Every structure is written in structure tokens, then in C-alpha cells.
Amino acid sequence: MAEQVSGRTLGMGEIVDTGAKPFELAPFGTELAQLGKERTEIVGLTADMGRYSDILPFRDAHPERFFNVGVAEQSLIMTAAGLAKAGKISYCTSYSAFITRRAYDFVAIACAHALAEVKIFAGMPGFMNGYGATHQATEDISMMRGIADLTVIDPCDATELKQVVRAVADIPGTVYVRNLRGKVPVELGADYRFIPGKAQVIHEGQSVGVIGTGFMSARARDAAKVAAERGVSAAVLHVSTLKPFDKDGVIAFAKRFDRLVVTENHKISGGLCTLVVEALYEAGLMKPMVKVALADSFFECGAQAWLEHKYGIDLPRLVQAIVEGR
Amino acid sequence: MTHTNHPPTEPDLKALAERAHNMRRLMMRMASGKGEGYIAQGLAIADFLSAMYFHELRYDPADPHWPGRDRFVLSTGHYSIAFYACLAEAGMLQVEELPTYGLNGSRLPMSTFENVPGIEVCGGSLGQGLGQSVGMALAARLDRNGARVFSELSDGELQEGSTWEAAMSATTFKLDNLVALIDCNGIQADGAVHVAIEPVAEKWRSFGWDTREVDGNDLAALTAALAASREPDGAPKAIVMRTVPGKGIPTLEKRERAHFVRVGNDEWDDLTAEMEAHYHG
């Protein structure tokens with residue numbers, strides 16, 4: 001039973017197990033279409049991934065400001081940079097695997113180094129599709145945060161993603177956002193406000209501190225609720241901006257707990273886990289810690305839920321980490 | 001501020017030659033005694049830069065960030081020696097600053113960065129200029145400001161796949177306000193161009209570009225090709241420029257073609273004198 005947004009059949013590359021949770025359809029493109037009405041300097045681009053990046057609502061609302069460069073990620077980033085250097089704000093979309101691995105030098109030099117107003121919404125980061133290593137950007141945070149003058153954001157849900165779409169227009173320079181597409185769950189409360197560079201507690205608790213990013217933060221909150229039923233109280237800190245990293249916020253949070261869990265839809269090295277370890281070590285804060293993230297490996301094809309279970313980033317794994325500390 | 005600099009219908013070739021010669025003088029002063037630098041490539045494109053900055057390009061030296069300006073994108077960052085000389089000749093850089101070329105902490109390194117007014121993109125990583133020019137041409141069309149984009153690239157850059165991604169894109173978007181200027185000087189980092197890039201002009205034609213091939217050191221031919229590139233016919237324009245490394249100094253023109261032409265510390269004064277004699281002779 002397929003639902004349609006601007007001609008796109010939903011299903012592939014969406015967050016699984018939304019269950020009975022409320023969701024929004026194509027929040028990225030819908031919000032960008034609206035923002036494009038308010039700010040005529042915004043342009044939209046894709047590298048043959050309009051249908052699969054949810055940018056089609058923007059195309060339909062502003063066809064003269066939408067450019068599809070074809071299967072050419074280097075061209076995508078160069079064109080976005082050129083538009084930005086001539087006064088536009090370029091929102092560009094493709095899959096994160098292709099943007100990060102194929103177009104890295106272009107993101108670094110044509111965009112970040114020039115402080116170009118390029119806002120990259122990278123689809124299907126981490127484990128969000130079953131196409132195997134070619135399509136699974138499991139090291140994108142690590143790669144992108146290695147570039148100076150680049151902001152890196154991993155939103156949690158539809159509520160935050162829509163706010164990020166607006167916020168990045170006013171964050172100076174180039175921004176890399178892990179996009180969420182299709183039926184995107186609404187996890188955060190209506191009072192949640194994305195603040196660039198600021199980690200926020202999205203669930204309170206006493207003995208275990210969970211630090212997460214992206215949709216893993218919402219999963220961590222769900223796991224904390226299950227853990228509470230088993231007598232373990234856990235709080236969740238959501239770090240949506242990976243770069244610049246809210247070191248002070250993370251340290252202050254970590255100090256409150258006996259032990260920690262860090263979780264991300266990304267490899268265990270180079271992303272949130274690494275950032276947290278560095279921050280705590282520098283602060284002289286040694287706490288027992290369990291990392292719930294992906295191994296340093298390439299991964300096979302398979303359904304997202306199956307992969308998440310096999311490689312240990314699903315809900316039961318988080319519950320185990322919180323309750324048992326291992 | 002008028003912000004208009006429409007090219008005259010007839011170029012003053014003598015004045016343009018004088019500009020090119022002035023740039024070559026500045027380049028020789030910048031490179032003298034450095035023992036390195038891209039003097040051969042710089043001398044080769046002086047005539048083209050003269051045709052560009054003192055005839056075809058619409059810009060305002062007093063307001064280099066004027067939004068409606070034509071854009072000149074130099075993709076080959078290592079041609080900086082020529083670009084700095086040109087910007088100085090155009091009044092956008094102080095001549096007094098030029099001797100800092102290539103020195104530690106200088107704003108004028110051996111490859112271009114965006115820190116100098118008049119430099120639109122950081123050019124050192126080859127294959128990034130044409131694609132950014134496509135974006136600038138799209139923006140000019142959206143803004144309906146009549147601005148054009150002139151995008152320099154080299155024969156070596158034809159070996160970068162991203163160049164051809166951009167070439168296809170420009171045709172797709174019918175960017176007739178975009179002119180690619182391909183400097184074919186026959187050298188790349190390891191020596192003479194050894195990759196099968198020929199026939200260059202036919203490649204561009206087959207990609208849908210309205211293409212001309214000229215002697216890149218012939219100001220009459222260059223200005224005529226640039227004039228023909230103004231046609232709003234829906235096709236991007238390409239000008240293949242055959243240039244001679246070391247142009248203007250016969251001794252250097254004959255020297256072995258290399259990425260870094262060898263010039264001994266004791267040669268600079270003689271070469272400069274030879275250049276003057278050649279120009280005035």
C-alpha cells in the first residue's frame with residue numbers, strides 16, 4: 001500500500017519500525033518548498049535523486065529554481081557552490097554515500113573552504129537501506145567532520161528536520177545534514193527547539209546517561225522507557241550537531257551518571273563515540289561506557305531491521321546496554 | 001559608479017598588446033630569483049588575460065564584488081602569477097604587493113585562493129572550475145542581470161572527469177552565457193601532455209558546445225572569438241586556445257616544456273632584456 005508525495009512511492013530507505021508512531025510525509029521537501037516561498041535566493045539541486053530525497057515538493061513549487069544535474073555528484077557540488085558564490089543558498093540532495101565518498105574534495109574546496117552557502121541534505125546515511133556497502137554511508141560523519149569550516153547535523157525526527165531545514169539557511173557556510181525521508185516519525189515534542197551546536201536532554205533519568213545522535217536518540221529514549229520498567233533509570237542527551245560539537249554540554253551531562261551509553265547510526269570510529277571519548281578524556285572524566293554503533297566493516301545487503309539487529313544497533317541492543325551495562 | 005563596461009565593437013589591439021606586455025614585465029619581477037614559479041604558463045596566457053580584462057569582461061575594479069559583474073573563473077590555480085599580474089594591471093591589486101608572490105605568509109601564494117578581490121574560486125584542485133561556472137551562469141540567468149561567466153581551464157584539466165560532467169551540464173541547461181576557455185599549452189605536471197585529449201575542439205563540439213579554436217597568443221583572433229561567444233543562441237561557448245609556454249621570450253619558448261621551466265638565478269636579467277627587445281623589436 002504505497003502512499004504518494006509528488007509522485008514518489010514511499011518505502012525504500014525510510015526509518016523502519018515506526019509502528020504506531022505519528023509521522024510526516026517528506027518533511028524535508030515540504031518545508032523547503034515553504035521556505036523557498038519566503039526566501040527567493042534559495043535554489044534546490046539533485047543528482048538524479050529528486051524522487052528519493054524528498055526534494056520534489058520544492059521542484060513542484062519552484063521549478064525555475066530547481067536543477068537536476070544527472071548522475072554526477074561532483075557536478076552537483078560544483079554547481080551548488082557556483083550558485084552560492086553568485087548569491088544563492090543552494091540546497092542539494094543525493095545519497096550520503098555518493099556525496100561523501102565521490103565528491104569529498106569538491107565539498108572541501110569548492111564549498112567549505114570558500115564558506116559557500118551550500119546546504120547538503122544527504123539521503124540514507126548509515127543503515128537506512130539494504131543495498132549494501134555501495135549505498136551505506138556508515139562513515140559519513142567521520143569524513144565530513146574531518147573538513148574544517150563545515151557544520152554537521154544528524155536530526156532525530158520530522159520535527160527537528162523541519163527546523164533544521166530553516167536553521168541551516170542562517171548557519172554561515174556549508175552544512176552537511178543527514179536527511180530523513182519518506183514517512184519520517186515525529187518523536188520529539190512540539191516544544192522541542194533545534195539550537196545549532198547545542199546538545200539537548202530529550203529524556204530524563206538518574207543512573208545511566210545515554211548520548212545519541214540522529215534517530216538513534218529517539219530509539220535510545222524508547223529503550224530508556226523499557227529499561228525503566230526493568231528498574232534502571234536512564235536519561236538521553238541528543239547531540240544533533242556533531243560539528244561544532246557541544247563538548248561542554250556532553251561533559252556536564254556525563255558527570256551526572258554512574259555509567260554511559262553512546263549510540264549512533266554510524267561506525268564506532270570517527271563519529272559521536274569518538275567525539276564523546278575525546279571530550280571526556282580531556283576533561284579527566286572516566287566512566288564505564290558501552291558504545292552501540294557499527295563495527296569498522298563493510299556491510300551486506302538486507303532489510304534495514306535485519307541489518308540493525310545483526311549488527312547491534314536495534315532497540316533490544318540498546319535496552320541491554322542500558323540495563324546490563326555491556 | 002556606472003557598473004558598465006560594455007566591450008567596444010573594435011578592440012584596440014595595440015593597447016591590448018601593451019597590457020599583455022606590462023603583465024609579462026610584472027610576472028618576470030615576481031618570479032625573478034625565486035627559482036620556481038609558473039612563469040612559462042603565465043607568460044603564455046598574458047595575451048588571453050589582456051583580451052579578457054581589458055576588452056571583453058564587464059567588471060568594476062573599484063567594486064570587485066558588484067553582483068552584476070561578469071565572472072572570470074581561473075580554474076588552474078597555478079597560473080596565479082599571471083592572474084596577480086593581471087589584477088594589478090587592472091587596478092585590483094597593488095603592484096607593490098606583487099613581490100610577495102610565493103613567500104611565506106603572503107596573500108599571493110603560488111596557487112590562487114579566494115582571499116584576493118577579483119578571484120572568484122580557489123583554483124588549485126583541478127577540475128573544479130567549470131562546474132562552479134555552471135552554477136554561476138545559472139545564477140546569472142535566474143537574476144536576469146545579463147552577466148556572463150568566463151571559465152578558464154587547461155588541457156591537463158581535460159583529463160579530470162568532473163570537467164566533462166560540467167560540460168554535459170552546461171549543454172543540458174542551455175547556458176549560452178557561459179564561455180569555456182581551454183588553454184592548451186601542451187604541458188602537464190610530468191611533462192608534455194601524454195594523455196589522448198585530442199581532438200580537443202571536436203570533443204567540445206560533440207558535447208554541444210559552440211566551439212572555436214584560435215592561436216591563444218593572437219589578440220585579433222582572441223578578441224574575435226570572444227565577440228562571437230556573445231551569441232545568445234542557447235548553446236554554451238568554448239574557445240580552444242593554443243598557447244606557447246614562455247611566450248614573449250624566445251629563449252624560454254624554445255626551452256624544454258616542463259611544469260616548472262628551469263631558469264637559472266643568473267638568467268633573469270638577460271631574459272627580461274630579451275623580452276623587452278622582442279616586444280619593441
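With which residue of chain A does Asp143(B) form a salt bridge? In this predicted model, Asp143(B) pairs with Lys88(A), the closest N and O atoms being 2.5 Å apart, where a salt bridge is a side-chain nitrogen of Lys or Arg within 4 Å of a carboxyl oxygen of Asp or Glu. Local features need pLDDT of at least 70 and side-chain atom pairs count only at pLDDT 80 or more, whereas totals for chains, interfaces and linings use all residues; side-chain values use heavy atoms, with hydrogens and water left out. Residues are numbered from 1 along each chain as its sequence is written, and chains are lettered from A and ligands numbered from 1 in the order in which they are written.

The count between chain B and chain A is two salt bridges, together with nine residue pairs in polar contact, both residues being at pLDDT 80 or more. A polar contact is a pair of N or O atoms within 3.5 Å; within protein, one must be able to donate a hydrogen and the other to accept it, and residues adjacent in sequence count only if both atoms are side-chain atoms. Helix H5 (129-143) and helix H6 (161-172) of chain B each supply at least two residues of the side that touches chain A, and the largest share of that side, nine residues, comes from H5(B). Helices (H or I, at least four residues) and strands (E, at least two) are DSSP runs, numbered from the N terminus.

In total, 23 residues of chain B are in contact with 24 residues of chain A, contact meaning heavy atoms within 4.5 Å. The area buried between the two chains is about 1,900 Å², with carbon and sulfur atoms giving 61% of this; buried area is the accessible area (1.4 Å probe) that two parts lose on being put together, summed over both. On the chain B side, Gln128(B), Leu142(B) and Glu165(B) lose the most area to chain A, together 28% of what that side buries.

Within chain A, helix H7 (residues 158-167) is mostly covered, since eight of its 10 residues are buried, that is, under 20% relative accessible area, with exposed being over 50% and partly exposed in between (1.4 Å probe, protein chains only). Among the buried residues of H7(A) are Leu161(A), Val164(A) and Val165(A). The N-terminal end of H7(A) is capped by Asp157(A), a side-chain oxygen of which lies 3.2 Å from the backbone nitrogen of Thr159(A). Lys162(A) forms a salt bridge with Glu24(A), with 3.0 Å between the closest N and O atoms. This pair links distant parts of the chain, as Lys162(A) lies in helix H7 and Glu24(A) in strand E3 (residues 23-25) of chain A, 138 residues apart. Lys162(A) counts as partly exposed because its relative accessibility is 23%, and Glu24(A) counts as partly exposed at 25%.

Salt bridges also occur within chain B, where the side chains of Asp70(B) and Arg58(B) meet at 3.8 Å, N to O. Both residues lie in the loop between helix H3 (46-56) and strand E1 (71-74) of chain B, so the pair ties together parts that are 12 residues apart in sequence. Asp70(B) and Arg58(B) are buried. In a further pair, Glu213(B) and Arg242(B) form a salt bridge whose closest N and O atoms are 2.7 Å apart, linking strand E6 (residues 210-215) to strand E7 (residues 237-242) of chain B.
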